[in-house]
Amino acid sequence: MTIVWESLAKIGFMFALIMGMVVVLIWMERKGAAYIQDRTGPNRAAILGIRLAGLVHPVADVFKLLFKEDITPDGRHRALYNLAPWLVMTIALSTYAVVPFGDFLTVAGRQVPLVVADLDVGLLFILAIASLGTYGVVMAGWAANNKFTFLGGVRATAQMISYEINMGLALMGLILVFASLRITDITAGQADLLWGWLPKWGVVVQPLGFILFLVSVFAETNRNPFDLPEGESEIVAGYHLEYSSMKFALFFMAEYAHMVIGAALIATLYFGGYQIPWLPRPALEAHAGTLLTVKLVAVALVSLLIALLFMRRVQREKGKFGDARDREPVLGMGLWLVVAVAAAGALLLKPWAIGPAGASVFASLAQVGAFLVKLVFFAWLFIWVRWTLPRFRYDQLMRLGWKVMLPLGLANLVVTALVVALV
Amino acid sequence: MSFEGLPQGSGAKEKSFKESLYLWEVLRGLGVTLRHLVRNIFHTGEMPTMQYPEEKRVYSDRFRGRHRLTKREDGSPRCVACQMCSTVCPADCITIVAAEHPDVEIEKYPDSFEIDLLRCVYCGLCEEACPCDAIRMDTGIYEIAADSREKFVVDKDFLLNNTTDGTR
Amino acid sequence: MANLTIDGKEYEFPDGTSLFEACREARGEALPHFCYHPDLSVAGVCRLCQVEVEGMPKLTIACNTTVREGMVVHTRSEKVKRASQQILEMHLINHPVDCPICDQAGECGLQDQYMEYGLYESNVTQATKVLKTKAKVIGPQVILDQERCVLCSRCVRFCNEVTGTGELGIFNRGDRALIDVAPGVELDNNYSLNTVDICPVGALTSRDFRFVKRVWMLKSADGVCPGCATGCNVRIDHEGGRVYRLKPRRNPEVNGSWMCDRGRMTYKALHDERRLTEPRRGDQEARWAELQDELATALDKGALGLVVVSPHQTLEEMYLAVRLAGSPGKVVSGPADAGMREGDSLLLDADRTPNRAGLGVVGISELAGKDLAAAVAGARGTVLVLGGDPAADAAVAAALRQHGRVIYLGTHGNETAGCSSLVLPGAAWAEKQGIFVNRQGRWQAFQQAIARPGNAREDWRILAEAVGRQDEEAALGSLKSVRAALAAAVLADPSIDLNKLPEHGFAPGGEN
């Protein structure tokens with residue numbers, strides 16, 4: 001029975017993580033795009049005049065999309081049309097089952113592995129489920145009975161099939177190096193050090209494979225520069241053109257969920273997953289007290305610094321707007337001061353004298369934290385690339401996939417196999 | 001795709017091996033965007049974005065805003081309803097109904113003068129065409145908003161006293 | 001015949017041809033002119049049509065010169081150009097140039113000719129112009145602006161020569177000369193608006209059309225006036241589904257350059273508030289689709305008792321009515337004297353219907369009111385009334401009411417519509433194509449100018465569909481095919497294409 005509750009808790013954590021990440025990513029996308037383009041970005045939606053630097057906008061969006069009229073095209077295939085957004089969303093969420101977000105957590109003396117389903121064919125599961133995503137897209141494109149959505153669906157299918165091959169080939173090298181299809185094994189394998197100083201991350205042992213995988217993931221998630229399935233200039237909005245209201249929101253969220261899974265895979269397979277470089281689990285547990293103390297002090301200092309920055313804004317922007325917005329810097333300063341005080345206060349609890357049980361929990365949380373940091377960074381990479389690179393032309397996309405990446409992937413595989421066989 | 005035989009532009013020169021990999025160029029691009037991002041995070045105030053309703057751009061005096069009808073000294077419209085403006089209007093947004101003026105010296109005046117601001121393209125040809133300097137677009141008003149299409153059709157009285165924001 | 005050279009080319013014209021007309025033909029366009037008019041006497045007062053004739057010491061006006069053997073004429077020489085520039089400059093000295101408020105703007109002789117031949121940099125520095133009366137009402141239809149007048153005297157000649165009423169005259173001398181009516185006299189005859197048409201500038205304008213539209217916004221269609229049996233050729237000026245005015249179209253065989261004021265006002269009935277726009281069954285509005293079956297049964301050859309055709313209908317419709325009824329005996333028109341009023345000797349006919357002659361062409365007999373009432377009473381089956389208002393006659397109205405099964409296909413909600421169980425909205429004359437046969441027996445085709453109001457349909461189409469239901473081989477799907485069938489039925493020479501009638505109409509048996 002415990003295992004059921006454990007699994008439910010882990011699924012719940014993953015679901016909350018992804019959904020939370022979706023909101024944060026939407027915010028990051030908007031603000032990031034704006035700042036990259038020298039704009040201020042969304043800064044209007046507010047609760048009681050507090051705008052949280054645009055973080056309220058996703059909330060406003062949710063309400064807008066929930067209450068919008070659900071316009072459906074005539075001549076659609078009713079069942080498939082309604083099924084498609086759910087399929088896309090469900091598949092996007094399912095992939096997370098095999099991604100470990102930490103090593104294990106000791107709860108009541110039991111070691112609970114921090115992964116929903118530790119499949120021995122985890123990588124195959126990911127490849128299989130990711131391919132299913134194509135169905136949702138092509139269904140949406142076809143069922144809406146619109147030439148633009150149809151073209152979008154066809155483009156998406158051709159693109160996904162082409163890049164899945166490259167993705168698989170890139171992963172083959174990784175599988176050869178770590179000799180396992182189980183993702184936890186691959187992550188655990190990345191804790192070692194090469195020559196005593198270089199973390200044996202996937203990116204280190206498979207640099208070419210990493211680049212191929214990164215490009216393929218971008219193509220699989222239909223993100224720029226591979227977002228041809230929704231190329232506005234040619235096919236309006238592609239496969240989800242005829243969707244509105246919450247059905248559109250599902251596609252929208254699925255795109256970001258795909259980004260999160262993409263980021264999670266990159267982090268897990270090529271950047272050591274939850275592993276903190278040079279700090280393997282035993283070291284973490286052994287020095288838990290010191291590390292925790294350092295961390296609390298660091299948090300307190302950084303928060304204080306941010307609070308001071310806010311204080312400068314308080315002084316500089318006094319009465320700038322003449323309404324509730326003027327209170328924002330005050331609120332920000334207060335919030336960070338509270339964090340600083342809390343962190344400093346926690347020092348009173350003598351964190352340097354933490355017991356072995358506490359040390360184990362700290363080690364687990366620190367690893368989950370490391371995973372989240374990597375996840376957020378690679379999710380940001382998606383956004384960063386989107387606002388840097390222009391979109392490919394379709395023939396360029398296909399040429400890259402079949403004439404450049406496929407031979408490179410094969411070469412990588414052969415070289416890896418030779419090296420693995422010889423060493 | 002091959003374009004043999006076509007003149008090659010400067011952009012089509014042979015790529016070096018480093019360029020043909022693109023990776024380096026992609027990284028450089030990421031560097032450019034990151035530079036902008038970081039600069040803007042720490043210098044929010046220097047962004048060119050205007051916080052529109054609070055801040056407004058100053059336009060040139062020659063900016064073509066919403067139309068107005070000029071008046072004679074007695075306050076009646078200068079317009080003689082010759083319909084040159086509605087004739088020249090490329091958007092066909094001016095509708096004039098002429099009537100007989102009691103003063104035989106004026107003879108003709110607009111009984112109704114309507115402009116559909118939604119159709120107007122603000123080209124200023126009506127000003128150019130007007131033989132009586134009766135229509136001008138010098139109000140500088142560009143904030144034209146309403147909650148129904150009907151309200152964008154403004155009438156003679158509105159155009160004669162067209163100095164405030166909003167529509168009818 | 002006289003052989004002469006105009007602008008370097010040889011031409012041959014009959015003796016007595018005016019040099020003006022010869023030049024018009026040779027140049028492809030008229031010489032600049034104000035006072036010349038083909039249907040009026042030559043005045044030679046505007047001095048604008050001057051041409052250079054070799055051998056003559058000075059320039060001569062073309063309108064008052066006849067062609068002569070061996071003449072060598074230059075119409076585009078530098079001398080001629082300078083002359084017309086100077087004359088136009090003179091005409092403009094006292095002209096107020098108030099084009100923005102002038103109804104003539106856009107079809108103004110002064111505007112057009114100054115654009116083409118004018119002297120743009122005038123030598124005249126005179127600061128003040130001679131002021132005269134503006135906007136003077138000189139009659140029920142016409143308004144006069146003496147300042148705009150170029151004293152071409154066309155209007156004066158029209159009133160003297162055509163109507164013989166002589167209301168207008170030129171008073172004073174020199175630059176104070178002006179057109180006016182004599183004290184106590186009004187320009188009040190049935191042809192007064194022709195003075196507006198022939199006025200080359202905006203001196204005489206129509207009170208009916210005053211400030212209604214700028215003329216360049218109007219589109220035109222060729223029509224035939226439905227006001228009386230004369231069938232004056234008209235130009236229907238319309239815009240946006242509304243007819244704004246009728247202007248005479250020159251047809252020397254029928255109406256010359258003129259038409260009567262009464263005829264000009266016939267367009268107003270098109271936009272009458274009594275126009276039928278929707279089919280009605282009793283008091284209820286119906287839709288055409290719902291009436292299909294009902295019409296099919298009611299208009300069946302067996303079920304149709306009598307068709308009463310108005311002389312306002314087109315020839316095609318009359319023909320189709322006969323086709324529909326099966327025998328000419330079941331189709332009548334009447335009452336015979338409806339529309340008969342007083343006419344005049346010029347254009348207005350006593351018969352105020354445009355196509356009574358057409359009844360004879362297809363063999364429909366006319367009945368007097370009493371006889372028509374009897375025919376209606378005796379009709380077994382549906383009575384179909386095509387246009388007009390036979391129920392204006394009380395006896396006919398009573399008979400129609402008595403009969404009960406009456407279908408009225410017409411344009412206005414009149415007495416007859418009130419007597420009918422089923423009222424179908426038809427197309428009025430400007431809303432359809434057709435042929436009217438005038439009092440001379442001349443067949444004149446007219447074009448459609450505007451769209452039909454609401455859900456009104458073309459009468460001929462309704463009739464042709466009804467015919468088609470009974471006779472599947474009738475093939476009357478288009479007006480072209482109806483006209484072909486009509487020509488085959490009534491013309492001695494059925495090869496004549498009724499879609500391409502001659503410009504001035506077609507008189508079967510006549511010389512054209």
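Let's start with E465 of chain C: at 33% relative accessibility, E465(C) counts as partly exposed. Its partner is R457(C), and the two side chains meet in a salt bridge, with N and O 2.9 Å apart. R457(C) is the buried member here, at 18% relative accessibility. The cut-off for buried is under 20%, so R457(C), at 18%, counts as buried. Please keep in mind that everything I show today comes from a predicted model.

Why would such side chains meet at all? Side chains of opposite charge can pair when their charged atoms come close.

Now to another pair in chain C. R24(C) forms a salt bridge with E21(C), and the closest N and O atoms are 3.1 Å apart. Where do these two residues sit? Both belong to helix 1 of chain C, which covers residues 19-27, and they are three residues apart, about one turn of the helix. R24(C) is partly exposed, with a relative accessible area of 30%. E21(C) is partly exposed too, at 23%.

The next pair is R76(C) and E29(C), a salt bridge whose closest N and O atoms are 3.8 Å apart. R76(C) lies in the loop between strand 5 (72-74) and helix 2 (78-92), while E29(C) lies in the loop between helix 1 and strand 3 (50-53), so the pair ties together parts of chain C that are 47 residues apart in sequence.

Some salt bridges join up into a network. One such network links E100(B) and E107(B) with D98(C), K134(C), D145(C), E147(C), R148(C) and R210(C). Over all chains, the count comes to 54 salt bridges.

Let me step back and look at chain C as a whole. How many helices and strands does chain C have? There are 14 helices and 23 strands. Its C-alpha atoms fill a box of roughly 85 × 50 × 40 Å along the principal axes. Of the 512 residues in chain C, 55% are buried. If you take the contacts in chain C between residues at least 6 apart in sequence, 64% of them join residues at least 24 apart.

To finish, the surface and the charges. The accessible surface of chain C comes to about 21,700 Å², and 48% of that belongs to carbon and sulfur atoms. Chain C carries 58 positive and 66 negative charges, and their mean positions are 3 Å apart.

Notes. Residues numbered from 1 in each chain as written. Chains lettered and ligands numbered in written order. Predicted model: local features only at pLDDT ≥ 70, side-chain atom pairs only at ≥ 80, totals over all residues. Heavy atoms only, no water. Salt bridge = Lys/Arg side-chain N within 4 Å of Asp/Glu carboxyl O. Helix = DSSP H or I, 4+ residues; strand = E, 2+ residues; numbered from the N terminus. Buried < 20%, exposed > 50% of the residue type's maximum accessible area, 1.4 Å probe, protein only. Contact = heavy atoms within 4.5 Å. Areas by Shrake-Rupley, 256 points an atom, 1.4 Å probe, with all protein chains shown as cover. Lys, Arg positive; Asp, Glu negative; His and termini not counted. Charge placed at Lys NZ, Arg CZ, Asp CG, Glu CD.
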